[in-house]
Amino acid sequence: MSLRDQYLLDPSVTFLNHGSFGAPPRVVFDEYQYWQREFERQPVLFVRRAEGLLDHAREILGRYLNVPADEVIYLTNATHAVNVLARSLALRPGDEVLTTNLEYGACDRTWEYELAKRGVTYRKQPIRLPATTPEAMVDDLWRGVTPSTKVIYLSHITSGTALTLPVEVICARARADGIFTVIDGAHVPGHLPLDLAAIGADVYTGNLHKWLSAPRGSAFLHVRPEHHVWVEGTIVSWGWVEESTYRRAEVSELVNRNQWQGTRDIAPFLAVPAAIAFQDAHDWPVQQEQCHRLAVRALDEIVERWGGEPLSPVPDPGGFPWFRQMVACPLPPVDAPLLKRRMYDEFLVEAPVTVFEDRAFLRLSFQAYNDERDLARALEALAALLPEVRAS
Ligand SMILES: Cc1ncc(COP(=O)(O)O)c(C=O)c1O
């Protein structure tokens, strides 16, 4: 049964776009507002408590990610985390950062901007789709490795194409080749089981406000301890001063330098434990499986009715999770912005129409508040609109 009544979403909207900005359950949002009110009751006292409160929220997050709490910091979003890395890495003219052609546009911009300043190449290696096997994908990526490749940056789950990339194998192979890895898991916490120790990336960032459904403005950056000394947050504040009251001997350099970033709203971070508890309390693996089945049905029905080639195989139970709760369904040639607009304006269906290599896809996200009625409504909208929004 769907958990719709536990969320704040407008019931008149068929909301199939959890992937873009998430949506916190009511109790998680209440917790977030509780912490905001605590700040307002006595701001000075709250700031005095903030360090301990953040330590606790990091402890719980570290346990959830299977890494020591001292190796993670909270940040506002994955874009911020990618900016931190792109600025901090000691790269020289002629070096290369290897990525794929499947990355999120804003983060591509970050790398392109930061690397151009230093004469470093941002190389986008094409990954051939439809995906066939994780091994073939890794081989595709390695075609872009050169003696100058110093860093591999890629998404764990891609944005527009909604595909899982085999990051565990990539990180192991990169380590063997002496290449540094930065993994963008914006879509992963709360979506795929996430064990950062097993993945073994040098740096991993994830959004907590997407699939974990924590309040907006909550993300994390995990950095392996040997790299803590050179990671420069975009904010240099009290913790960077040797003799600061904001520095503590018992926490890592990463935490000392980055936990305090000036006055800001830390309520989204403090509500993360409530988001983890919400999923624990609601049989999350069962919810996820129901959502996955809806995603598989969506893909099957759209391909059966309108043709087109899926971007990956349908995952086998226990096999590689090419997609779970979010799937990019191929569409016939359409005017993508027009289709998206008319789906919302005429049917109140919220779902992005993405474009990859000149092909359009309806990216459907299924969260615990969705059920088969939402899928039926999206199909109804498509059936009505597709004949009218063909690409000219
Ligand atoms: C793969 C990927 N990386 C990064 C981001 C950026 O997330 P945020 O806007 O929360 O920084 C997104 C957003 O959808 C994404 O899909």
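Two strands count as paired if DSSP finds at least two bridges between them; helices (H or I, at least four residues) and strands (E, at least two) are DSSP runs numbered from the N terminus. You are looking at a predicted model, where local features need pLDDT of at least 70, side-chain atom pairs count only at pLDDT 80 or more, and totals for chains, interfaces and linings use all residues. Residues are numbered from 1 along each chain as its sequence is written, and side-chain values use heavy atoms, with hydrogens and water left out.

**Stop one: the sheet.** Select the seven strands of the open sheet, ordered E2-E8-E7-E6-E5-E3-E4 with mixed pairing. E2 and E4 (121-125) stand at the edges with a single partner strand each, so one side of each lacks a neighbour in the sheet.

Now pick E2 together with E8 (residues 219-223): four bridges join them in the antiparallel sense. Click Val72 and you will find its bridge partner in E8, His222.

**Stop three: H11.** Move on to residues 272-281, a helix with seven of its ten residues buried (under 20% relative accessible area, with exposed over 50% and partly exposed in between; 1.4 Å probe, protein chains only). Among the buried ones are Ile276, Phe278 and Gln279. Show what covers them, including H2 (26-41), H3 (43-65), E2 (72-75), H10 (267-270) and H12 (284-306). Just after H11, check Asp283, which has a positive phi of about 45°.

Terms used:
Contact = heavy atoms within 4.5 Å.
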